[in-house]
Each structure stands twice: as C-alpha cells, then as structure tokens.
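Hello,

The structure is pasted below, and my notes follow it. Please read them alongside the model.

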Amino acid sequence: MPKFKNRKGFVPIILVIILTVVITGVAGVVYKSRNEIKVRSDKTSQTTELKGSPAPTPQSAEVNLANSGRLADKPFEQKIDTANAAVPKFSIYPPAGWEKVAPYGNIVVEFVSPVKDEISEGAAGILWTVNVRSSLSINIVKSEFKNLDDALESAILNKVNSTVTISQRQKIKVNGEEAYALESVMDIRETAQKILESQMQEELAKAAKEGVNVSRKDIQEDMDKVLQQAKVRILSYVFYKNGYLITVAGKAFEPYWDKRGLQLKQSMDTFKFE
C-alpha cells in the first residue's frame, strides 16, 4: 500500500495516488498507462507500473460499508508491549469497512479506505485521473520535551516541509487528555506533475506511432486542471504522554473532504488512552 509519511515520523501523512492516462484513438484503439506512486516527504518517489487494464471497482459489502460514514462496531485496542510498558496504550473506533494494514516505522496502526476518491479531466482526448484513498494513522515517537507546547513547536511546526501548510491549530481535550488539533493541507502537485508529464510524453509517442493527432496544448490544459486540485487535507491530534509524542492523523483528498472529513473526525474523537 503506497504511503506518504512526513519527515522524521511527525504528523504522518498517508495517501495513495493512482495516476491514469488514457488516449483514445481511431478504430477504438486505447492506450493506457497506470502507475502506483509511493511519495515521500523528501520529495523522492517510487513508481510501479500496474500491468493490464484497470480493474473495476468492486461493489463489495466492504466498499459499501466504507462509504456509509459509520464507525466500526468494535474499537481497535493497542496490545500491551511487555518489553516497553511506558509506551502509551490506546483504543480507537476506526471508520467502518476500512482495512487495517501492517505497522511500519513509527506508525503503530493505520486504517485505509478501500474506496478511491477520484478527480479527472479529459476533454482533449487524454483522461488524466488522480485517485486518493483516505486514511487514519497513529504515530508514536519517543521524544524528550518539557511539555505538549514544547513538543508541538519543536517537533512539528519547525519540521513540516514546504509542501505542507498548517492553516489552524487549537488546544483541545480528547476524552480528558490535553492535545493540539492541527488542520493542514499537503500540496502534491509538483510530484504528480513530474509523473504525469513523463506519462504524457510516452502516450503522445504511442499516439503518433498509430497516426493519432492529439493537441499538446489542449491536453496540457486538462492536466493543469487536475493538478490544481491535487491536494490532501489533514486533521491531526497531537498528544505528549510519558515521554512520547503521539499523533493521530486523518487524511483525505481535498476535493472530497466534505464527504470524508466528518467521519475521520468522529473516529479521531474516540481516541482514548487506556
């Protein structure tokens, strides 16, 4: 599962981007290029080509449940780590139907929606499509700070990179525990543009080989329309407990935040230290 994690493990950002380019030529000829991109906060990326035609979105009960806006019936409970009893234990009700994926790095648990939220443009004959999966993660890092305010200023605000803009922060309490709520937006246009432009060159070459006339100016305008929307919104709850910085982060494609944001917040509001 492709993931995006912010630098040094703080305020983890996880998303999946599938960029699909489709050129439709004469006689029903269709050229398709699909890549799965793993984007990192240091602006590097790993691209894997997905062979064959895109699989149809399954209309399973899990997908339908993931679109319901509900939370799971049972909470996820972090298992006790007998090797390090100081690590804060917690529980949370994730969104219903979301997949729990294997932990990695400082992320101890992550839930990812099976539903891909999509934007696309294709009036000029090439369909540019960006799909992003919403996700919820909990990140725990051993840190030495005086208090929550010190942790926030030193470990988060000074370490976000230029692609992330924090629009709001507010001190709150979540089930009796002091925390900061951060609202931010991640701009993924630069990375997406490099990949799409590379794909465009390949697809134009294929079209030319088959004698298909495609306007470079028109397809560039369509690509720009998609890139203008290529942003991810993040809601983060930041805690400092027992010498650990804990970040609960919900992420969703910004054009779909009105649909995903409330469910993410409701889930995050159930986070509780045990």
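How many residues lie between S11 and S12 in the hairpin that they form? There are two, and Asn242 in that turn has a positive phi of about 55°.

Before the rest, two points on the source. This is a predicted model, in which local features need pLDDT of at least 70 and side-chain atom pairs count only at pLDDT 80 or more, while totals for chains, interfaces and linings use all residues. Residues are numbered from 1 along each chain as its sequence is written, and side-chain values use heavy atoms, with hydrogens and water left out.

The protein chain has five helices and 13 strands (DSSP runs numbered from the N terminus: helices are H or I with at least four residues, strands are E with at least two). Of its 274 residues, 47% are buried (under 20% relative accessible area with a 1.4 Å probe, protein chains only; exposed is over 50% and partly exposed is in between).

Strand S11 (residues 231–241) runs antiparallel to S12, and ten bridges join them; strands count as paired if DSSP finds at least two bridges between them. Tyr237 has Val248 in S12 as its bridge partner. Ten of the ten residues of S12 (residues 244–253) are buried, so this strand is largely enclosed by the rest of the structure. Tyr244, Ile246, Val248, Gly250 and Ala252 point one way, and Leu245, Thr247, Ala249, Lys251 and Phe253 point the other.

Elsewhere, an open antiparallel sheet has three strands in the order S4-S5-S13. Its edge strands, S4 (76–77) and S13 (272–273), each pair on one side only. Two bridges join S5 (residues 90–92) to S13, and Ser91 stands opposite Lys272.

Regards
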